[in-house]
Amino acid sequence: MPSASMALPATLPEPLPRGIFRKFVLMLCSLLMSLYVFYCLAEQCQNLPGPLIQASEQEEGYRELDITIWQSLEGKKLLQKTKEQRWGAPWSRLFPSIGVGTPFRAHTGAENTHRTPMLESTLTPLGEGSKNLPQAIIIGVKKGGTRALLEFLRIHPDIRAVGAEPHFFDRNYHKGLDWYRDLMPRTLDGQITMEKTPSYFVTKEAPARISAMSKDAKLIVVVRDPVTRVISDYTQTLSKRPDIPTFESLTFKNRTTGLIDISWSAIQIGIYAKHLENWLLDFPIGQMLFVSGERLITDPAGELGRVQDFLGLKRIITDKHFYFNKTKGFPCLKKAEGSSKPHCLGKTKGRTHPDIHPKVVQRLREFYRPFNMKFYQMTGQDFGWDY
């Protein structure tokens, strides 16, 4: 006789009806399928390329350089992923067989029954970016320090710049804006596209052409003591053509009277006030920033701070990024863009200038002095060239 503790219940529970059991199984399968799809989507998102071109290389270069740059890069990744998760940009990649096209956003209110395509024409797939016309251009001057400025600016994560000089607004304007845009690097939302062509500053047609492209373009001019600049210009030409006439013979139209030959282009470039007058016909002075070529050598972080402020960017480039190369006589980057190694400008930069007779130098200073004074008044800056 079984004990009371082992006695079977008086009545067994009735089995669930077949319909309810079937619904339960279907709900369980649906839940499992949802978890599986969520898992697959998570894997796909992890495998998508990052939003910055060669981002892994840049992060590697910046890791030891400055944690703020790395954090900025990470912030851009998060921003881009958030946008695409919100607007649906990755769906065509995740489900190519479905053929999902442009995402749609519903109107609110009475228009809820209509759907219109999103107008985010500049939004591009994750990792690619879009090519845009430049919002900022370094327009001059030749032998003023434009290459150094561009190389320094390129370590900023919010700046993307063309390496070679496009010469669009002086030599290649006939090729059209589409050709020009195609030269530009790809950028993400919030990044600035830049280029530099120093000859624009002395090209008469350049201001109107740039204004026709964008009246809001920000213009940067790196200027240097015009006497030092013309000697540097001559030094560069001499390295390419050793048979050119002497500096003195090119400088003077009449050596006896000391009359300067302003037909020599190297002399003309240094008459900054004359060229600036042409630019002010199409751009207000507030859209132009004048960078001191001398301070770019003695205080690169200070000048780069001014440039970053002018472009509306966070001051990421600081003293930490520079060291002074005594051999070359100018600052170099501790870590260049996309690299973990120090970087100085090439051998063509920092050439030794030929000896110029002091009287020739003095005559050039006298020639440029009135133009310099006018330039100081126009820009509101005293560059200290007259001593």
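Asn172 touches Pro166, His167 and Trp179, leaving aside residues up to four places away in sequence; contact here means heavy atoms within 4.5 Å. Asn172 sits in the loop between E5 and helix H6 (176-183). Helices (H or I, at least four residues) and strands (E, at least two) are DSSP runs, numbered from the N terminus. With a relative accessibility of 15%, Asn172 counts as buried, a term that means under 20% relative accessible area, with exposed over 50% and partly exposed in between (1.4 Å probe, protein chains only).

The model is predicted: local features need pLDDT of at least 70 and side-chain atom pairs count only at pLDDT 80 or more, while totals for chains, interfaces and linings use all residues. Residues are numbered from 1 along each chain as its sequence is written, and side-chain values use heavy atoms, with hydrogens and water left out.

Strand E5 also belongs to the sheet. Five strands make up this open sheet, in the order E5-E7-E4-E8-E11, with parallel pairing; two strands pair if DSSP finds at least two bridges between them. Strand E5 (159-161) and strand E11 (288-292) are the edge strands, each pairing on one side only. From one strand to the next the twist averages 25 degrees. Axes are lines fitted to C-alpha atoms, for helices over the stretch in contact, and angles run from 0 to 180 degrees between N-to-C directions.

Within the sheet, strand E8 (residues 218-223) is joined to strand E4 (residues 136-140) by four bridges, and the two run parallel. Here Leu219 of E8 stands opposite Ile137. E8 is joined to E11 by five bridges, again in parallel. Ile220 stands opposite Leu289 in E11, and Val223 has Ser292 of E11 as its bridge partner. Five of the six residues of E8 are buried, so that strand is mostly covered.

Because five of its five residues are buried, E11 is largely enclosed by the rest of the structure.

Two helices lie across these strands. Helix H5 (residues 146-153) lies across E4, E5, strand E7 (192-196), E8 and E11, and runs at about 160 degrees to E4. Helix H13 (residues 300-310) lies across E8 and E11, at about 170 degrees to E11.

The loop between E4 and H5 holds Lys143. Lys143 is buried, its relative accessible area being 15%. The UniProt annotation "active site", from an unreviewed entry, covers Lys143; such annotations may be inferred rather than shown by experiment.

A further contact joins two helices. The axes of helix H8 (residues 226-240) and helix H14 (residues 358-379) come within 9 Å and cross at roughly 125 degrees. H8 and H14 are therefore oblique to each other: angles under 35 degrees count as roughly parallel, over 145 as roughly antiparallel, 65 to 115 as roughly perpendicular and the rest as oblique. Pro226, Val227, Val230 and Ile231 in H8 meet Val361, Leu364, Arg365, Tyr368 and Asn372 in H14.
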